[in-house]
Amino acid sequence: MRSEMDSMSENQVWTLVEPPEGIKPIGCKWVFKKKTDMDGNVQTYMGRLVAKVAAFHDYEIWQMDVKTAFLNGKLEEDVYMTQPEGFVTPENVGKANPGEGHWIVVKNILKYLRRTKDVFLVYGGEEELRIKGYTDASFQTDKDDSRSQSGFVFCLNGGAVSWKSSKQDTVADSTTEAEYIAASEAAKEAVWIKKFITELGVIPSIADAVDLYCDNNGAIAQAKEPRSHQRSKHILRHFHLIREIIDRGDVEICKVHTDDNIADPLTKPLAQQKHDRHTESLGIRYVGDWS
């Protein structure tokens, strides 16, 4: 990283300026790579600083490795990019987009970790062992590339057994589409869980459809009645696998009120009271509450 920054400085790749009024600088990111010899031993650690232009405009990316690539082409347009974190010069700290807001986020994470250091995932208390799944999405939460955030969680005997929070691979153009994509990913996870538990032979209820709870009526309707929804035609084909999964009886998609969707914390920040209520539903307990 230092070598890359020194090279850019030496070749005057950029000029540090105040962003003009009305201009929102694009972000940047580091891309890392290891070069190895024929025996797999690492010879060189490489770091490249790139602007998030391709991701923002959803361009198709063709990648090649060219050292000091900025010497091989001339940029005619003015491109305003934020300074990379960790390399902000002290005299120009005010010109960088990353800054106080990022430190606040880091401190909040550390506070949360300290507050939850005595928290455990606890199972038990249910008479019938039955898998329940919850799916949710937060629409276009990534400000850089407008991608939405998916989340799902599956619970058994009062506690979470499988969960995931991830940014979606494509840009959804509506809340319903984001929720539908999230539900499709959750349905595939439900199929895997159903197969795994069936092979264990210890939970008779797994022979029934796995209940998958979603709080978006549009996404539920698209999954159950695809013929009546023309807007779903542009959604990538592999997301429609949920329809086949439902048709063959592996999953039953059900409506849940937004306030009762315990996958919500996996998609966005929540008020502490609501966050704590959902984590308790996931089987997360403080040691003093059950010891």
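**Ground rules.** I took the model as predicted, with local features needing pLDDT of at least 70, side-chain atom pairs counted only at pLDDT 80 or more, and totals for chains, interfaces and linings using all residues. Residues are numbered from 1 along each chain as its sequence is written, and side-chain values use heavy atoms, with hydrogens and water left out.

**Overall.** I looked up the secondary structure and found eight helices and nine strands in the chain. Helices (H or I, at least four residues) and strands (E, at least two) are DSSP runs, numbered from the N terminus. Of the 291 residues, 33% count as buried; buried means under 20% relative accessible area, exposed over 50%, partly exposed in between (1.4 Å probe, protein chains only).

**Sheet.** I traced an open sheet of five strands in the order E6-E5-E4-E7-E8, with mixed pairing. Two strands pair if DSSP finds at least two bridges between them. E6 and E8 are the edge strands, each with a single partner, so one side of each has no neighbour in the sheet. The twist from one strand to the next averages 20°.

I checked E5 (residues 149–156) against E6 (residues 159–167) and found antiparallel pairing over eight bridges. Ser150 has Ser166 as its bridge partner in E6, and Phe154 has Ser162. Two residues separate the strands of this hairpin, and Asn157 in the turn has a positive phi of about 55°.

**Helices on the sheet.** I noted that H5 lies across E7 and E8, at about 150° to E8. Axes are lines fitted to C-alpha atoms, for helices over the stretch in contact, and angles run from 0 to 180 degrees between N-to-C directions.

**Cores.** I looked up the largest nonpolar core, which has 27 residues; Ile131, Phe154, Ile242 and Ile253 touch the most other members. Such a core is a set of buried Ala, Val, Leu, Ile, Met, Phe, Trp, Tyr and Cys residues joined through side-chain atoms within 4.5 Å. Elements giving two or more residues to this core include E5, H4 (175–200) and H6 (241–247). H4 gives the most, with eight residues.

I then listed the contacts (heavy atoms within 4.5 Å) of Ile242. Leaving aside neighbours within four places in sequence, Ile242 is in contact with Tyr180, Ala183, Ser184, Ala187, Ala223 and Ile253. Apart from this core lies another, of ten residues, among them Cys155, Cys254, Ala263 and Leu282.
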